[in-house]
Amino acid sequence: MSIFLIISRHTAENCPLNNEKMKFMTLELPEKLGELEKKHDVKRIGAWTVIQEHLLVWVYEAPNSEALQNFSMEPEIIKWMAWNTSEIKLAMTLEESIKILKQTK
């Protein structure tokens, strides 16, 4: 399984604290996430928000990037992500990083 970071930002105008439409979508999304995650065999490790920076960081475990891509193409996810600028990064554990470092000379 691979670890992926989804890093999203939105503007102050699109912040759920300032935008009723985004607030509704943000409150509605968690109800749908579990089913969509299960459908695409992705596991949410955690999700964090830095409110004052309009920043969200989601951490997912997935069998491959295709599974995460398919998850992110679900209409509910696309609708929510349209209000954000997002990037997806493949990450690795500290142990995996150390293993790679030990293999290099």
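The residues that line the largest cavity divide into 9 nonpolar, 2 polar and no charged. Here Ala, Val, Leu, Ile, Met, Phe, Trp, Tyr, Cys and Pro count as nonpolar, Asp, Glu, Lys and Arg as charged, and the others, Gly among them, as polar. This is a predicted model, in which local features need pLDDT of at least 70, side-chain atom pairs count only at pLDDT 80 or more, and totals for chains, interfaces and linings use all residues. Residues are numbered from 1 along each chain as its sequence is written, and side-chain values use heavy atoms, with hydrogens and water left out.

The predictor's confidence in each residue is given as pLDDT, from 0 to 100. The chain has a mean pLDDT of 94, with 100% of its residues at 70 or more. Helices (H or I, at least four residues) and strands (E, at least two) are DSSP runs, numbered from the N terminus.

Now to the cavity itself. On a 1 Å grid over the protein atoms alone, a cavity is a set of points where a 1.4 Å probe fits but cannot get out, and lining residues have an atom within 4 Å of a point. The structure holds 1 cavity of 30 Å³ or more. The volume of the largest cavity is about 90 Å³, a volume being the space filled by probe spheres set on the points, which are joined across faces, edges and corners. Its lining includes Trp 58, Tyr 60, Phe 71 and Trp 80. Two or more lining residues come from each of strand E1 (2-9), helix H1 (20-39), strand E3 (55-62), helix H2 (65-72) and helix H3 (75-81). H3 gives the most, with 3 residues.

Ring pairs link Trp 58, Tyr 60, Phe 71 and Trp 80 into a cluster. Rings of Phe, Tyr and Trp (its six-membered ring) pair if their centres lie within 6.5 Å; planes under 30 degrees apart count as stacked, over 60 as edge-to-face and the rest as tilted. The count comes to 3 aromatic pairs. Trp 58 and Tyr 60 are stacked, at 6.4 Å centre to centre and 5° between the planes. Both residues are buried, meaning under 20% relative accessible area.

Tyr 60 also pairs with Phe 71: the ring centres are 5.2 Å apart and the planes stand at 50°, so this pair is tilted. Because Tyr 60 lies in strand E3 and Phe 71 in helix H2, the pair ties together parts 11 residues apart in sequence. Phe 71 is buried, at 3% relative accessible area, and Tyr 60 counts as buried at 1%.

Note on methods
1 Å grid on protein atoms, 1.4 Å probe; cavity = no way out; pocket = protein on both sides within 12 Å on 5 of 7 lines; lining within 4 Å. Buried < 20%, exposed > 50% of the residue type's maximum accessible area, 1.4 Å probe, protein only.
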